[in-house]
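Here is a short report on a single protein chain. Look over the fold first, then read on.

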Amino acid sequence: MNYVASLVKLRCPACRTSNMFAKKPYSFAALSSINKSCPHCKISYQLEPSFFYGSMYVSYALGVAIAVATYVLLFLFGLGQYMLLSIVAIAASIIVLAPYNYQLSKVIWASFFIKYKPKD
Ligand SMILES: [Zn+2]
């Protein structure tokens, strides 16, 4: 599995085999159900205390990317000149994608520090 596919599927950055989270993003009861370590390769995800605070920066960047992508889509469909529609559509897309953004930002943040180690 390549790097981008492993990110999109929220896989462990080290083995890209098992999921970093115990639950799917839209099972709201356990949104932050990140595993302490990988069930497959046993690597610990907590590299230091409060390690995942840095994923807020990634989450912010993803939020901006979602907003820009939504606006570009509206513009391509000829709806970009309607300010109120644009604001509502951007807010709705950010809110709807927030659970996935939350988990994806943590996977991306971890992938900055945990290198891919394929099994031989
Ligand atoms: Zn793993």
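Met56, Tyr57, Tyr60, Val64, Val68 and Phe75 are exposed residues on the face of α2 turned away from its buried side. Helices are DSSP runs of H or I with at least four residues, strands are runs of E with at least two, and both are numbered from the N terminus.

The model is predicted: local features need pLDDT of at least 70, side-chain atom pairs count only at pLDDT 80 or more, and totals for chains, interfaces and linings use all residues. Residues are numbered from 1 along each chain as its sequence is written.

## The buried side of α2

Which residues of α2 are buried? They are Ser55, Val58 and Leu62. Seen down the axis of α2, the buried residues fall within an arc of 50 degrees, so they line one face of the helix. The arc is taken over the directions from the helix axis to the C-beta atoms. The cover over the buried residues of α2 includes α3 (83-113).

## Length and end of α2

α2 has 22 residues. From first C-alpha to last, α2 reaches 31 Å, close to the 32 Å expected at 1.5 Å a residue. That expected span is 1.5 Å times one less than the number of residues. Just after α2 comes Gly78, with a positive phi of about 80 degrees.

Most residues other than glycine have a negative phi. Leu10 has a positive phi, near 60 degrees. Leu10 sits in the loop between α1 (3-8) and α2 (55-76). Leu10 counts as partly exposed because 18 C-beta neighbours lie inside 10 Å.

Ser50 also lies in the loop between α1 and α2. The phi of Ser50 is positive too, near 60 degrees. Is Ser50 buried or exposed? Ser50 counts as exposed, because it has 7 C-beta neighbours inside 10 Å.

## The whole chain

The protein chain has 3 helices and 0 strands. From the N terminus on, the order is α-α-α. The C-alpha trace spans about 55 × 30 × 25 Å along its principal axes.

Of the 120 residues in the protein chain, 18% are buried. Among contacts with a separation of 6 or more, 57% come from residues 24 or more positions apart. A contact is a pair of residues whose C-beta atoms, placed from the backbone, lie within 7 Å.

Note on methods: Buried ≥ 20, exposed ≤ 12 C-beta atoms within 10 Å, placed from the backbone. Contact = placed C-beta atoms within 7 Å.
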